[in-house]
Amino acid sequence: MLLDNHQVSANAWQVRARHIKKAFFNLIFPPVCASCGSVGALLCHNCRTQIPRINGKICVHCGRLVAAAQPVCLACQKQAIPLSQIRAALLFTPPVPDLIHQLKYKGAFGLAEPLAELMADCWPRWQTAVDLILPIPLHPNRQKRRGYNQSDLLVHHFAQQLGIPGDTAALRRVRNTPPQVGLSATERAENMVDAFRAENGRVAGKRILLVDDVCTTGATLTEAAHALLAAGANSVSAYCLARAT
Ligand SMILES: [Zn+2]
Ligand SMILES: [Zn+2]
């Protein structure tokens, strides 16, 4: 779509007005770092640089940390995953669990922007060909209780940084599964069976990148990938904010 000169200058003014509004708001209510408490940013420069990135040897398929001599982990040797790869930006070690807890359960949804920036910073190392980025959806009942889906917010900012389209409606959670926390790997896989449905018209023929906050065994990503491939997706890969070890 082409914009005429009036529209371009109107858009430029809208962006400028948003920046001025944000600067004014920050002056009255200065943001506080969610990790160290210093005033000035939701995640200060010092904490950003110290957050542990993944840079050890990983399984070429599922992204688990492995010994240097073992390019494919034991789990993937037993059963191949349906995703072309799973990768993550950060290690799920302090302060990352607390930041994700604040993002998900404490209403600190503003953290999605600096955390998605960290994902974008680490992406060049893990990048793969992608046509469309999708969040792992919450069941509508859970999203209603929480008020938002943290993965939607991560996709919004991450897709914008990469300049790749995001779609928060192409994949739906059709079963309200109990939380995965505390379950074994087998129980996690059983818990997620048939949990998702994908919209054929939105995903068919596309290389999909799934985004989620934390990856533990990959059970949720695996079930979402099954639904996407059944709906005609060309391939499915995943990129998470953090990887639990
Ligand atoms: Zn800090
Ligand atoms: Zn693996």
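A residue counts as buried if 20 or more other C-beta atoms lie within 10 Å of its own. Keep that in mind while we look around this predicted model.

Let's start with the whole chain. By that cut-off, 34% of its 245 residues are buried. The fold is built from ten helices and six strands. How does the radius of gyration fit with a compact globule? A globule of 245 residues would come out near 18 Å, and the chain has 19 Å, so the two agree. Contacts tell you something too: among those with a separation of 6 or more, 70% link residues 24 or more positions apart.

Here are the overall lengths side by side:

| Item | Value |
|---|---|
| Radius of gyration of the chain | 19 Å |
| Box filled by the C-alpha atoms, along the principal axes | roughly 55 × 45 × 35 Å |
| Distance between the end C-alpha atoms of helix H10 | 17 Å |

Now zoom in on helix H10, residues 219-230. At 1.5 Å a residue, its twelve residues should span 16 Å, so the 17 Å between its ends agrees. Is H10 largely enclosed or largely open? Nine of its twelve residues are buried, so the rest of the structure largely encloses H10. Among the buried ones are Ala 219, Leu 221, Glu 223 and Leu 228. Just past the helix sits Gly 232, with a positive phi of about 100°.

One more backbone detail is worth a look. Pro 94 and Pro 95 are joined by a cis peptide bond, with omega about 5°. You'll find Pro 95 in the loop that runs between strand S1 (86-91) and helix H4 (96-105).

Technical notes. Residues numbered from 1 in each chain as written. Chains lettered and ligands numbered in written order. Predicted model: local features only at pLDDT ≥ 70, side-chain atom pairs only at ≥ 80, totals over all residues. Helix = DSSP H or I, 4+ residues; strand = E, 2+ residues; numbered from the N terminus. Rg over C-alpha atoms; globule rule 2.2 N^0.38 Å. Contact = placed C-beta atoms within 7 Å. Expected span 1.5 Å × (residues − 1).
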